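My entries follow in the order I made them.

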Amino acid sequence: MKFTIWPKTLQKGLEDIQGKGMYLGDSGLTNSKLGEYVLMELANDTLTLWNGDTTFGLTVSLPVEETLEEGTFIGNAAMIIPYLKKFNGIITLHYTDFLAVSSGNKSATIPAAVNHPNIDAIERIKQMVADVTYEPVINNLWKFGSSNFEGAFQVTDELFDEAVSGCELVKSGVYLLNYLPTDNDESVHASVTISSENGTANAYKQTIHPTQSIGEAATLQYSSPLHKFLKGQGLLNFYVKDEFPLLIVGENKMIVKAPFTGVD
C-alpha cells in the first residue's frame with residue numbers, strides 16, 4: 001500500500017475511528033473508546049478505515065491525494081497520530097513490513113499489527129454493508145444479513161448530538177429510539193424520540209422531526225456514544241427495525257450498532 005494524503009485528514013480519521021466517548025461499563029458510564037486498532041484499506045482513490053467488535057462497527061472514508069499502490073494495513077491509530085502531527089505538507093505513506101511516513105526532510109517508521117483483535121467481526125460487518133451507500137434522498141431499505149430494515153429517516157448530526165447529549169446527563173448509558181413515520185393521510189408528521197431514564201425521577205427525552213422518512217415504525221434500544229463519531233457529517237440516514245441492529249450512514253461515515261440486550 002502506498003499513497004499520498006494531507007496529514008490532518010488522516011489524523012482526524014484516526015481520531016474518529018477509535019470511537020471515543022461515554023460508554024456503559026461495570027462501574028457505570030465512563031469515558032472510554034471502542035479501541036485503538038484500525039484496519040486501513042486503500043482502493044479507488046479512497047482510504048477506508050474500519051474498527052469494531054461483536055456489537056459495534058465504525059467506518060470512515062477519506063480522500064487521498066494520489067494512489068500509488070492499493071492495499072491494506074493494520075496498526076494502532078493512537079500510535080500513528082503523534083507522528084502525523086510532526087508533518088505539515090502532503091505526506092507519503094508506504095506499507096511493506098512497517099508503515100513509512102515521509103515528507104520533505106522528515107520521515108518516520110511505525111510498526112504494523114499482526115492483526116486487528118476483532119478482525120472476524122469487522123469482516124462480517126463489511127460483508128453486511130457492502131452494498132450500502134449514502135443517499136441524499138432515501139430510497140432503499142437496505143438488506144442486512146437475512147432481513148431488510150423496515151424504516152428509515154434523515155436528521156442532522158446537530159439534532160442527533162443534542163438529543164443524545166441530553167440523554168447522557170441521565171447516566172444510564174442506554175438510549176431508546178422510537179421512530180414514528182408520517183401516517184397515511186399525512187395529518188401526523190414523522191417523529192423520532194430519543195430518551196433515557198435511570199429510575200422514575202431521572203429521565204430525559206427529546207423529539208426530532210426528520211427531514212425525510214420512509215417505511216414502518218420501529219423501536220429499539222442501544223448504547224455507546226454514536227453521536228460523537230458522527231459530528232460534522234451534516235445529514236444522517238438512519239435505518240431501523242424493531243429489536244434489530246441500527247445502521248447510520250453519513251456522507252463519509254457509517255455505524256452499525258447491535259441492539260442493547262442488557263449486556264454490551
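Entry 1. In which helix do E123 and K126 both lie, and how many residues apart are they? I found the two in helix α3, 3 residues apart, about one turn of the helix. I note that this is a predicted model.

Entry 2. I then checked how E123 and K126 pair. They form a salt bridge, with 3.5 Å between the closest N and O atoms. E123 is partly exposed, at 31% relative accessibility. K126 is buried, with a relative accessible area of 16%.

Entry 3. I looked for another partner of K126 and found E41. The side chains of E41 and K126 meet in a salt bridge at 2.4 Å, N to O. E41 sits in strand β4 (residues 37-43) and K126 in helix α3 (residues 119-128), so this pair ties together parts that are 85 residues apart in sequence. For E41 I noted a relative accessible area of 21%, which makes it partly exposed.

Entry 4. Next I went to K12. It forms a salt bridge with D16, and the closest N and O atoms are 2.7 Å apart. Both residues belong to helix α1 (residues 7-17); they are 4 residues apart and therefore separated by about one helical turn. K12 is partly exposed, with a relative accessible area of 40%, whereas D16 is buried, at 15%.

Entry 5. I counted the salt bridges in the model and got 5.

Entry 6. I turned to the nonpolar residues. Which residues have the most contacts inside the largest nonpolar core? They are L14, M40, L47 and F160, and the core itself has 54 residues. In soluble globular proteins, nonpolar side chains tend to be buried together.

Entry 7. M40 is in contact with M1, L10, L14, L47, T48, L49, G71, T72, F73 and I80.

Technical notes. Residues numbered from 1 in each chain as written. Predicted model: local features only at pLDDT ≥ 70, side-chain atom pairs only at ≥ 80, totals over all residues. Heavy atoms only, no water. Core = buried A, V, L, I, M, F, W, Y, C linked by side-chain atoms within 4.5 Å. Buried < 20%, exposed > 50% of the residue type's maximum accessible area, 1.4 Å probe, protein only. Contact = heavy atoms within 4.5 Å. Salt bridge = Lys/Arg side-chain N within 4 Å of Asp/Glu carboxyl O. Lists of a residue's contacts leave out its neighbours within four places in sequence.
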